[in-house]
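Subject: Structure handover

Hello,

Here is the structure I promised to pass on. Please open it alongside this note, and read on below for what turned up.

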Amino acid sequence: MSKPLVRACAVDALKDGEMQPVTGTVDPIGIGRVGGEWFAFENNCTHEDFPLTEGIIEAGEIECPLHGARYCLKTGKVRAVPAICSIRVYPVHVVGNDVLIELPV
Ligand code: FES
């Protein structure tokens, strides 16, 4: 059974190192672009529920602007406290001009 895909944005919507929230999903999801790769992640810091797309991407990690928690972009694992729980990450597919996120069933 194929997994549902949701369109995150067009491939030219983000420059290298940028991220933005994805609209139209039930759970908050962010999309980011680094070095030609795309990353989709839970757009909610597990420390105190803050949108991670408000933060920055640096050295393969997302940093929450509120208290500085950091997460690995590829795995969602915590790299710096105060967060202790990982965020979910999602597979990303580029099809033509569209960046698509694969959602769990
Ligand atoms: S809300 Fe993100 S580090 Fe506190």
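This is a predicted model: local features need pLDDT of at least 70, side-chain atom pairs count only at pLDDT 80 or more; totals for chains, interfaces and linings use all residues.

Cys9 stands opposite Val99 in strand 11.

Arg7 and Asp98 meet through their side chains at 2.7 Å, N to O. Arg7 sits in strand 1 and Asp98 in strand 11, 91 residues apart. Arg7 is partly exposed, at 44% relative accessible area. Asp98 is partly exposed too, at 28%.

- Strand 2 (residues 19–21) pairs with strand 3 (residues 29–34) in the antiparallel sense, over three bridges. Pro21 stands opposite Gly30 in strand 3.
- Thr25 is in the loop between strand 2 and strand 3. Thr25 is buried, with a relative accessible area of 18%, because the cut-off for buried is under 20%. Its side chain reaches the backbone oxygen of Asp27 at 2.7 Å.
- Strand 3 also pairs with strand 4 (residues 37–42), antiparallel, over six bridges. Ile31 has Ala40 in strand 4 as its bridge partner.
- The hairpin of strand 3 and strand 4 has two residues between the strands, and Gly35 there takes a positive phi near 55°.

How many salt bridges does the structure hold? There are seven. Besides the Arg7 and Asp98 pair, two others are worth a look.

Glu42 and Arg88 form one, with their closest N and O atoms 3.7 Å apart. Glu42 lies in strand 4, and Arg88 in the loop between strand 8 (78–80) and strand 9 (89–90), so the pair ties together parts that are 46 residues apart in sequence. Glu42 counts as buried at 11% relative accessibility, whereas Arg88 counts as partly exposed at 40%.

Arg70 and Glu58 form another, at 3.3 Å, N to O. Arg70 is in strand 7 (residues 70–72) and Glu58 in strand 5 (residues 56–58), twelve residues apart. Arg70 is buried, at 13% relative accessible area. Glu58 counts as partly exposed, at 41%. Through shared partners, salt bridges join Glu58, Glu61, Glu63, Arg70 and Arg79 into one network.

Best wishes

Technical notes:
Residues are numbered from 1 along each chain as its sequence is written. Side-chain values use heavy atoms; hydrogens and water are left out. Two strands pair if DSSP finds at least two bridges between them. Helices (H or I, at least four residues) and strands (E, at least two) are DSSP runs, numbered from the N terminus. Buried means under 20% relative accessible area, exposed over 50%, partly exposed in between (1.4 Å probe, protein chains only). A polar contact is a pair of N or O atoms within 3.5 Å; within protein, one must be able to donate a hydrogen and the other to accept it, and residues adjacent in sequence count only if both atoms are side-chain atoms. A salt bridge is a side-chain nitrogen of Lys or Arg within 4 Å of a carboxyl oxygen of Asp or Glu.
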